[in-house]
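Colleague: I have a few minutes before the meeting. Can you put the model up and take some questions?

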Amino acid sequence: MEIPEPDSNMHSSGRMEALGSLPPEQMNFLIGQICALPLAVLFRKYLHPTKTSPTIRHAVATLLGFYLCMFCYSWCTVLILGEVVLSYIVLLLADRNHVHIYSLVVAMSYLSIFQVVRLLKSSEGSSDFTVPMMILTQKITKVAFELHDGTARKPESLSPSQTSRALRKFPSPLEYLSYNFNFMGILAGPLCSYNDYVAFIEGRHYQRSGDSEHVKENGVQRRPEPSPTNAVLEKLATCFLILGIHIAVSRAFPVDYNTEESFLETASLLHRLFYLYISLAACRPKYYIAWTLADAINNAAGFGFNGYRKNGKPRWDLIQNLSILKIELATSLKMFIDNWNIQTALWLKEICYDRCTSSPTLATFVLSALWHGVHPGYYLTFLTAMLMTLAARAVRRNFRHHFLVSPSHKIFYDVVTWTTTQVAVSYTVAPFILLYLGPSFKFYRSCWFCLHLLALFLILLLPKRRQAPSREATGTKGIPLKATLQENGSAFHVDSNGNQAKKML
């Protein structure tokens, strides 16, 4: 969702004018999401699981999703629906031992074909119907992998998370359509588990594991059904606040200025890296707004309950897609990635990283690039991200433990790692925003590929394994009082006399 970029001195009436100047397809998207919010409230109030059957809830959620999709994408809804129908046929016909592979290939191929068509034939102001296709591709493949886990694998071979998500019942056509096309998630997601969605439709979502003592006692409900009102209002307030920040900052720091000849020739490298960070940070709010609003819509429908906090307050973060503070304050690349597009990161982990037996990091980044689209800037970003991830791991493994000796050292380490993380992220995602190789390489050449070279240097130079210190605490004679070393799966306990007693883990 693109947000307009008015001048920094624009007042409130100017902001409304800027919103009114959105391109038609973006305005339709915004109107669709705004309409989905009251529809979600009505859905929860009048089609509550205690008042109506799951079949009716599935049918209404699907029909409303079709309406919103038609409103935003017109006849392209047929192409979007085609991916769901084709994938359901694959589920029906494919062997359970390979259904996940066939579904992944079919869904990714379908998405890639229309991403190419969209790139070649798109015109100014045309709607990007591949956005809901991207969300559907995640849902389709997620169901296929979880169906494979539940019907073709032995229970003892599954991890705890795979066991909880595994599907042992084949979804009906209506359930499958509702999961993929429901009005809460068809336009902007976020991705959710099939089991969680069906539990929501059937009214079992308030009985989350670990919270049963809070919900029922001897079959009698102890607490009233948690209300999502506060969570929804908080997320809507966040959207308005972020919108104001985005409007105030983005026009003053346009991303394209990073490749302006005059800027490249006159600004120092540090100046350019600082401007890069500010300009790309100003782009992030449009994603914050889209995902936070989508989360609020699901919550308003009653979906997203994730148990109770220790203080008894309900949590509504089951399908949360980002944590803004953790992103902006990230002190590592992993922390940034883990809190940015959370559900997509979990999807990549579930279907690729956890199952890939060779080079899982490379495979995961390649799959992520393929899913995002065909612009070469995407591939350059994800290849750079893989390099930065490996370098960050090497640095953390070799240096972090030296700064955990005191709070002041830890604060210094956090400040340094926050600065480097934000610069590295901005440097990495620049091609993602610039899209094409020409501007991307122009930018990287202006920086002499400095962070690429630094990352390679760190990966090659630093040891692959952390060199554990021989002394973690010393007595009066400088002999370690207690230390635990790990080496090739064995633990060594070092006593006060300096003797090692090996104990197999």
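Colleague: What sort of model is it?

Modeller: It is a predicted model.

Colleague: How many helices and strands are in the protein chain?

Modeller: The protein chain has 22 helices and 5 strands.

Colleague: And what share of the 505 residues is buried?

Modeller: Buried residues account for 47% of the 505. The accessible surface of the chain is about 25,600 Å², and carbon and sulfur atoms hold 63% of that surface.

Colleague: What about contacts between residues at least 24 apart in sequence?

Modeller: They make up 65% of the contacts between residues at least 6 apart in sequence.

Colleague: Let's look at helices. What does α4 pack against?

Modeller: The buried residues of α4 pack against α3, α5, α6 and α8. Those buried residues include L79, I80, V84, Y88 and L91. The helix covers residues 77–93 and spans 25 Å between its first and last C-alpha, close to the 24 Å expected.

Colleague: You mentioned α6. How many of its 22 residues are buried?

Modeller: In α6, 20 of the 22 residues are buried, so this helix is mostly covered. Its end C-alpha atoms lie 31 Å apart, which agrees with the 32 Å that 22 residues should span at 1.5 Å a residue.

Colleague: And α14, is it enclosed or open?

Modeller: Largely enclosed by the rest of the structure, because 16 of its 17 residues are buried. Helix α14 runs over residues 284–300 and reaches 24 Å from end to end, C-alpha to C-alpha, close to the expected 24 Å.

Colleague: What follows α14?

Modeller: G302 follows α14, and its phi is positive, near 100 degrees.

Colleague: Which residue has a side chain that reaches the backbone oxygen of G302?

Modeller: H205 does, at 3.1 Å. H205 sits in the loop between α9 and α10.

Colleague: Is H205 buried or exposed?

Modeller: Buried: the relative accessible area of H205 is 7%, and the cut-off for buried is under 20%. Leaving out residues up to four places away in sequence, H205 touches A199, F200, G302 and F305.

Colleague: Which residues line the largest cavity?

Modeller: H205 and G302 are among them, along with R44, H48, P49, R57, F200, Y206, E225 and A301. That is the H205 whose side chain reaches the backbone oxygen of G302.

Colleague: How much space lies in the second largest pocket?

Modeller: About 780 Å³. Its lining has 34 residues, of which K142, R165, S193, D196 and L318 are the closest to the centre.

Colleague: Which helices each supply at least two residues of that lining?

Modeller: For the second largest pocket, α7, α9 and α17 each do.

Colleague: Where is the cis peptide bond?

Modeller: It joins G189 and P190, with omega at about 0 degrees. P190 is in the loop between α8 and α9.

Colleague: What is the phi of N341?

Modeller: N341 is not a glycine, but its phi is positive, about 50 degrees. N341 is in the loop between α16 and α17. The residue is buried, with a relative accessible area of 11%.

Colleague: And F449, what is its phi?

Modeller: Phi of F449 is near 50 degrees, again a positive value in a residue other than glycine. F449 lies in the loop between α21 and α22. F449 is partly exposed, at 27% relative accessible area.

Colleague: Last one. Which side chain joins that of D338 in a polar contact?

Modeller: The side chain of K334, at 2.6 Å. D338 is in helix α16 and is partly exposed, with a relative accessible area of 36%.

Colleague: How far is D338 from L322?

Modeller: D338 and L322 are 8.5 Å apart, C-alpha to C-alpha, and 16 residues apart in sequence.

Technical notes: Residues are numbered from 1 along each chain as its sequence is written. This is a predicted model: local features need pLDDT of at least 70, side-chain atom pairs count only at pLDDT 80 or more; totals for chains, interfaces and linings use all residues. Side-chain values use heavy atoms; hydrogens and water are left out. Helices (H or I, at least four residues) and strands (E, at least two) are DSSP runs, numbered from the N terminus. The expected span of a helix is 1.5 Å times one less than its number of residues. Buried means under 20% relative accessible area, exposed over 50%, partly exposed in between (1.4 Å probe, protein chains only). Contact means heavy atoms within 4.5 Å. A polar contact is a pair of N or O atoms within 3.5 Å; within protein, one must be able to donate a hydrogen and the other to accept it, and residues adjacent in sequence count only if both atoms are side-chain atoms. Accessible areas come from the Shrake-Rupley method with a 1.4 Å probe; for residues, only the protein chains shown count as cover. On a 1 Å grid over the protein atoms alone, a cavity is a set of points where a 1.4 Å probe fits but cannot get out, and a pocket is an open set with protein on both sides within 12 Å along at least five of seven lines; lining residues have an atom within 4 Å of a point. Grid points are joined across faces, edges and corners, and a volume is the space filled by probe spheres set on the points.
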